[in-house]
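Take a moment with the view below, then read on.

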Amino acid sequence: MALARVRLGPRRVRPALRLCGYATLSSGSRPQEKSGGPVFQYVGEHRKPTHKVFVWGFSFTGALGIPSFVVPDSGRKRPRKYQLTPYRLETAEQISSAACGYGFTLMASSSQDVTKLWGMGLNKDSQLGFQRTQHSRHKSYDYVLEPSPVALPLSQPQQTRVVQVSCGRAHSLVLTDQEGVFSMGNNAYGQCGRRIVDEEVYSGSHVIHRIEGFGSRVVQVACGQDHSLFLTDTGKVFSCGWGADGQTGLGHYNVSSCPVEVGGDLAGVEVQQISTYGDCSLAVSRDGQLFGWGNSEYRQLASATESTQMNSPHHLPLRGCGKVVQAACGGTQVAVLNEKGEVFVWGYGILGKGPKLSESSTPEMIPPTLFGRSEFNPTVAVVAVRCGLSHFAAVTDGGELFVWGKNVRGCLGIGKRDDQFFPWRVTVPGQVVDVACGVDHMVALVKSLL
């Protein structure tokens, strides 16, 4: 891969690791003990947890934010193309939101510092903003190899906080608490919520657009492949972008360059959550009903249509699922979570119930035992579900992370390149608070006492 215009920061000297709460072998710098056994350091009862970021998967886009994986330093002679297990990413600020695009990552802190947004990975469409090169202030890096600040055009940079980030194929959305939604990156189909400019050059672009026209405060954003969804505090859904599969839900198959309220079966319905990543879109109502629109080539919307496309939201009647509290959809697959903490999947691909189940048009419940429920832990429940393009992730109330699906370039973080047909627990030192899934990489936000 030609690394034209690569952002590579100065070498950092990392502080020595502080080992506490578990056994470590005695080091030469410590006084030697007669037993030669392990040394234990115990965390105090009132110690506050630290918040960490772990990354894994394909590194050569720069999306993991570890420069030495791509351009080896003196201590590593060979590049590391695939990081198959979680790797700690050093961050100066506590990260509260992360999103994985198609080969890039956005991370945000909810702090009131001027710098509150960082990007890494592919930047050929300026989906990470203008990343000025060291050699010319007029040129931007195509690849950003470590977390680099993204400057938002905020009117009150120290008061406004970033609430959430979302990433698509080549565009990004940033939601703030006081100044609305900002978009950057490719706008060829209007996915950034602004006028489409013929032959616009996105590489090296300074454009970060503030999207308006919602009528009320936006509380969640979601990027599809080339479209965008927005949820307001009044429970209304807006969309813009590519609509060839009906994924905007606006009753047509054309592009839309400004956000328009979505109707269909969502008319008069208060929505609490939205989800998209490929070309299928989902919405969960406040009373636990599921609605869908867009691509249904893989039977994602089969409960409401036999067609392969649906350009307007339809209620999806789900038998035996109970009250839905969360939904996630990838490129070909869907997952929903009910109020009991149970996970249901359908669509096409590796769905999590073994190699014999590769396609289903109706919800299939994944046995709770696969997420750690047993007679010793009878109350274990899943609290979050996520989808990458071709894999799933689930977080339990105990902070454990389970993954399954296509292990594209090691994106599952399970220490091997094989696909995973059942949920498998990812070994992460701490409690997983949230996780973001991409095409071939993942990011986990972890709370740890160590």
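## Paired charges

Let's start with R88 and E90, whose side chains form a salt bridge with an N to O distance of 3.9 Å. A salt bridge here is a side-chain nitrogen of Lys or Arg within 4 Å of a carboxyl oxygen of Asp or Glu. Side chains of opposite charge can pair when their charged atoms come close. By this rule there are 10 salt bridges.

R88 is partly exposed at 29% relative accessible area, and E90 is partly exposed at 39% (buried means under 20%, exposed over 50%, partly exposed in between, with a 1.4 Å probe and protein chains only).

## Two further bridges

In the bridge between R299 and E306, the closest N and O atoms are 3.6 Å apart. R299 is partly exposed at 24%, whereas E306 is exposed at 65%.

D434 and R386 also form a salt bridge, with 2.9 Å between their closest N and O atoms. This pair links distant parts of the chain, 48 residues apart: D434 lies in strand β28 (residues 431–437) and R386 in strand β24 (residues 382–387). Strands are DSSP runs (E, at least two residues), numbered from the N terminus.

## About the model

This is a predicted model, in which local features need pLDDT of at least 70 and side-chain atom pairs count only at pLDDT 80 or more, while totals for chains, interfaces and linings use all residues. Residues are numbered from 1 along each chain as its sequence is written, and side-chain values use heavy atoms, leaving out hydrogens and water.

How values were computed:
Helix = DSSP H or I, 4+ residues; strand = E, 2+ residues; numbered from the N terminus.
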